[in-house]
Amino acid sequence: MDVDKLYESLAEIPVAELSGWQDAFMKFYRAWFYEDRWKSYFEGLVTTIEVTVIALAIGVVLGLLVAMIRTAHDQQRPERRNFILGVLNFIARIYVTVIRGTPMLVQLMIMGFVIFANSREFTMIGALSLGINSGAYVAEIIRGGLMSLDVGQTEAGRSLGLGYIDTMRFIVIPQAFKAILPALGNEFIVLLKDTSLISAISGKEILYFAKAISSRTYEYMFPLYITALMYLIMVIIFSALQSKLERRLRQSDRR
């Protein structure tokens with residue numbers, strides 16, 4: 001007997017007479033199979049992945065830029081302070097302090113209901129908000145990795161005639177990347193899970209559709225369990241890819 005016929009046969013039985021497994025099956029069927037609702041979850045999954053990729057790109061670019069500004073400022077010699085770099089560092093510090101000091105959900109609501117109040121692109125607003133938030137944490141992770149390297153690495157690059165950008169690009173950042181990879185991986189996993197927050201501003205990711213289905217079935221357990229399972233699978237896959245990359249980097253160090 002297929003699931004549709006099983007559901008139809010159980011639907012004829014009064015709810016009070018259903019056994020525990022029959023009642024659970026009926027609720028799961030309504031949350032997943034009924035009217036092809038599984039398609040809504042996968043529609044949300046595609047949006048979740050898109051938001052994660054966009055936010056990740058924004059976060060890495062912002063984080064790298066802020067980290068380089070703050071590192072360059074901190075590594076200046078006292079007698080050779082650059083005024084413009086000082087102003088940029090001040091702005092970068094305010095950005096990091098404000099973003100890290102306020103809740104992600106509040107930032108999303110400010111972006112969705114205040115700054116972009118007239119826009120209906122809630123999903124893209126969510127991606128932008130997540131990217132800006134992630135950038136502050138990525139900046140501190142990268143800055144910590146850059147500052148952990150001996151300043152002699154930078155000086156060696158400059159002595160070879162490389163500019164600051166090229167020194168960072170070819171000498172400093174490749175060495176720091178190996179040290180900061182675990183922390184970056186954890187931040188990206190947090191970013192992936194935080195995509196569920198964009199449903200608060202009507203962003204159409206997995207949780208958005210789960211709540212919509214729950215409002216029709218008046219049952220929240222299975223839609224939320226399905227949502228949690230989908231996020232868990234994505235995190236497991238991402239963690240496995242991160243571990244594989246870390247192993248390859250360790251193997252390259254031994255050669």
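Select E187 first. In this predicted model, E187 has a relative accessibility of 11%, so it counts as buried, the cut-off being under 20%. The residue sits in helix α8, which covers residues 164–194.

Next, show what surrounds E187. Leaving out residues up to four places away in sequence, E187 touches S134, Y137, V138 and I141. Pick S134 from that group and display both side chains: a polar contact of 3.2 Å joins the side chain of E187 to that of S134. E187 and K244 are 57 residues apart in sequence, and their C-alpha atoms are 17 Å apart in space.

Move on to R143. Helix α6, residues 122–148, holds this residue. Is R143 buried or exposed? R143 is buried, because its relative accessible area is 19% and the limit for buried is under 20%. Display E140 as well: the side chains of R143 and E140 make a polar contact of 3.3 Å. Beyond its neighbours within four places in sequence, R143 is in contact with A67, R70, T71 and D74.

Now turn to the aromatic rings. How many aromatic pairs does a search of the whole structure find? The search finds 10 aromatic pairs. Select F25 and Y29 for one of them: the ring centres are 6.1 Å apart and the planes stand at 45°, so this pair is tilted. Both residues belong to helix α2, residues 20–32, where F25 and Y29 are 4 residues apart, about one turn of the helix. Both F25 and Y29 are buried.

Keep helix α2 in view and select F28 together with F222. These two rings form an edge-to-face pair, with 5.8 Å from centre to centre and 65° between the planes. The pair links distant parts of the chain: F28 is in helix α2, F222 is in helix α10 (residues 221–254), and 194 residues separate them. F222, with a relative accessible area of 15%, is buried.

For the last stop, select F25, F28, Y29, F33, F222 and Y225 together. Ring pairs link these six residues into a cluster. The tilted pair of F25 and Y29 and the edge-to-face pair of F28 and F222 can both be found again in this selection.

How values were computed:
Residues are numbered from 1 along each chain as its sequence is written. This is a predicted model: local features need pLDDT of at least 70, side-chain atom pairs count only at pLDDT 80 or more; totals for chains, interfaces and linings use all residues. Side-chain values use heavy atoms; hydrogens and water are left out. Helices (H or I, at least four residues) and strands (E, at least two) are DSSP runs, numbered from the N terminus. Buried means under 20% relative accessible area, exposed over 50%, partly exposed in between (1.4 Å probe, protein chains only). Contact means heavy atoms within 4.5 Å. A polar contact is a pair of N or O atoms within 3.5 Å; within protein, one must be able to donate a hydrogen and the other to accept it, and residues adjacent in sequence count only if both atoms are side-chain atoms. Rings of Phe, Tyr and Trp (its six-membered ring) pair if their centres lie within 6.5 Å; planes under 30 degrees apart count as stacked, over 60 as edge-to-face and the rest as tilted.
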